[in-house]
Amino acid sequence: MFFGEKLRNFKNIQHCFFSKNGGTSDGFYSSLNCGIGSLDNKEKVFKNLEIVSKKFNVSLNDLVLMKQTHSNKVIQIDEKNSHIKRFECDALITKIENIPISVLTADCVPILIFEKLNRIIGCIHAGWKGALNGIIENTINKIRSLNSKNEIYVAIGPCIGKKSYEVKTDFYEKFLNNDKQSQFFFDKKNEDKFLFDLRGYVNSRLKKMNIHNFDNIELDTYMEKKNFFSFRRSVHLKEKDYGRCISTICLKT
């Protein structure tokens, strides 16, 4: 279990970036696999989600997840849709208390948000596609649209590190075509390979949104095999599937 230092200062929220440990799954899903879209035994996945729920002192039915599609879609949970427990999007925000909202990752960046003045929480699934296409900006703008006076704090969780994230030239060019300044997040490895700093890129998008109250849990999901699931590591090991870690935040009464 890992925590953002800035978010830890607030007594009216609870949050956690969970590791892969402490659950019921086995094999390459061992052990806290929370990926209901994985090929893992569904009963074990729901037991794992129940473990997470208990950490937040709520029932499994109160835990809210996303069906993540690497989009830039943000959904606000309010009284009208609070009965839904899985939303198709890549970011959630809410002002409702005691419903933990969650993001699942296995190399992508999990982002947890607290807007202090209006008591709004958010979570973002920021893979390279979502980050490139504005999932971070859309989420911050959605929060700001609820009240022009705001004070936003952000925790950026474990994700794949630059040394582990090798990409090809076409990937590099996607980012340069979007913004020439993106070149600073790539190191050339050889003629057609680059190393990409996804965390650094996400940080830069937050700074452009004038967000400065944020911190990072500087852990590489690919390298930290004992603590985290990794899609890329599973591919390299020729495993048929991979587990997902969960990151969760909740407003408390």
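## Aromatic pairs

The structure holds 22 aromatic pairs, and the model in which they occur is a predicted one. One of these pairs joins phenylalanine 175 to phenylalanine 186 in an edge-to-face arrangement, with 5.6 Å from centre to centre and 65 degrees between the planes. Phenylalanine 175 belongs to helix 4 and phenylalanine 186 to strand 11, so that the pair links distant parts of the chain, eleven residues apart. With a relative accessibility of 0%, phenylalanine 175 counts as buried, and phenylalanine 186 counts as buried at 7%.

Phenylalanine 175 also pairs with phenylalanine 196, here in a tilted arrangement with 4.9 Å between the centres and 50 degrees between the planes. Because phenylalanine 175 lies in helix 4 and phenylalanine 196 in strand 12, this pair ties together parts that are 21 residues apart in sequence. Both phenylalanine 175 and phenylalanine 196 are buried.

## Helix 4 and its surroundings

Helix 4 spans residues 169-178, and its buried residues are Phe171, Tyr172, Phe175 and Leu176. These residues lie on the same side of helix 4, because they cover an arc of only 135 degrees around the axis. The elements against which they pack are helix 2 (128-132), strand 10 (166-168), strand 11 (186-190), strand 12 (193-196) and helix 5 (198-208).

## Nonpolar cores

In soluble globular proteins, nonpolar side chains tend to be buried together. The largest nonpolar core of this model has 38 residues, and those with the most contacts inside it are Ile111, Val154, Phe186, Phe196 and Val202. When neighbours within four places in sequence are left aside, isoleucine 111 is in contact with Gly122, Cys123, Ile124, Ala126, Ile136, Val154, Ala155 and Val202. A second, separate core of 24 residues includes Ile13, Leu92, Tyr153 and Ile217.

## Salt bridges

The structure holds twelve salt bridges. In one of them the side chains of aspartate 26 and lysine 44 meet at 2.9 Å, N to O, and the pair links distant parts of the chain, 18 residues apart, with aspartate 26 in the loop between strand 1 (13-17) and helix 1 (42-55) and lysine 44 in helix 1. Aspartate 26 is partly exposed, with a relative accessible area of 46%, and lysine 44 is likewise partly exposed, with 25%. Another salt bridge brings together the side chains of arginine 119 and glutamate 97 at 2.6 Å, N to O. Arginine 119 lies in the loop between strand 7 (109-115) and strand 8 (120-126), and glutamate 97 in the loop between strand 5 (91-94) and strand 6 (101-105), so the pair ties together parts that are 22 residues apart in sequence.

Glutamate 218 forms a salt bridge with arginine 199, in which the closest N and O atoms are 3.7 Å apart. This pair links the loop between strand 13 (214-216) and helix 6 (231-236), where glutamate 218 lies, to helix 5, where arginine 199 lies, the two being 19 residues apart. Glutamate 218 is exposed, with a relative accessible area of 61%, whereas arginine 199 is buried, with 8%. Salt bridges that share partners also join Glu166, Lys189 and Lys193 into one network.

## Other charged residues

Glutamate 137 lies in helix 3 (residues 135-146) and counts as buried, because its relative accessibility of 14% falls under 20%. Not counting residues up to four places away in sequence, glutamate 137 touches Arg205 and Met209. Elsewhere, the charged end of arginine 244 sits over the ring of tyrosine 242, 4.0 Å from its centre.

Definitions and conventions:
Residues are numbered from 1 along each chain as its sequence is written. This is a predicted model: local features need pLDDT of at least 70, side-chain atom pairs count only at pLDDT 80 or more; totals for chains, interfaces and linings use all residues. Side-chain values use heavy atoms; hydrogens and water are left out. Buried means under 20% relative accessible area, exposed over 50%, partly exposed in between (1.4 Å probe, protein chains only). Helices (H or I, at least four residues) and strands (E, at least two) are DSSP runs, numbered from the N terminus. The arc is that of the directions from the helix axis to the C-beta atoms. Contact means heavy atoms within 4.5 Å. A nonpolar core is a set of buried Ala, Val, Leu, Ile, Met, Phe, Trp, Tyr and Cys residues joined through side-chain atoms within 4.5 Å. A salt bridge is a side-chain nitrogen of Lys or Arg within 4 Å of a carboxyl oxygen of Asp or Glu. Rings of Phe, Tyr and Trp (its six-membered ring) pair if their centres lie within 6.5 Å; planes under 30 degrees apart count as stacked, over 60 as edge-to-face and the rest as tilted. A charge sits over a ring if NZ of Lys or CZ of Arg is within 6 Å of the ring centre and within 35 degrees of the ring normal.
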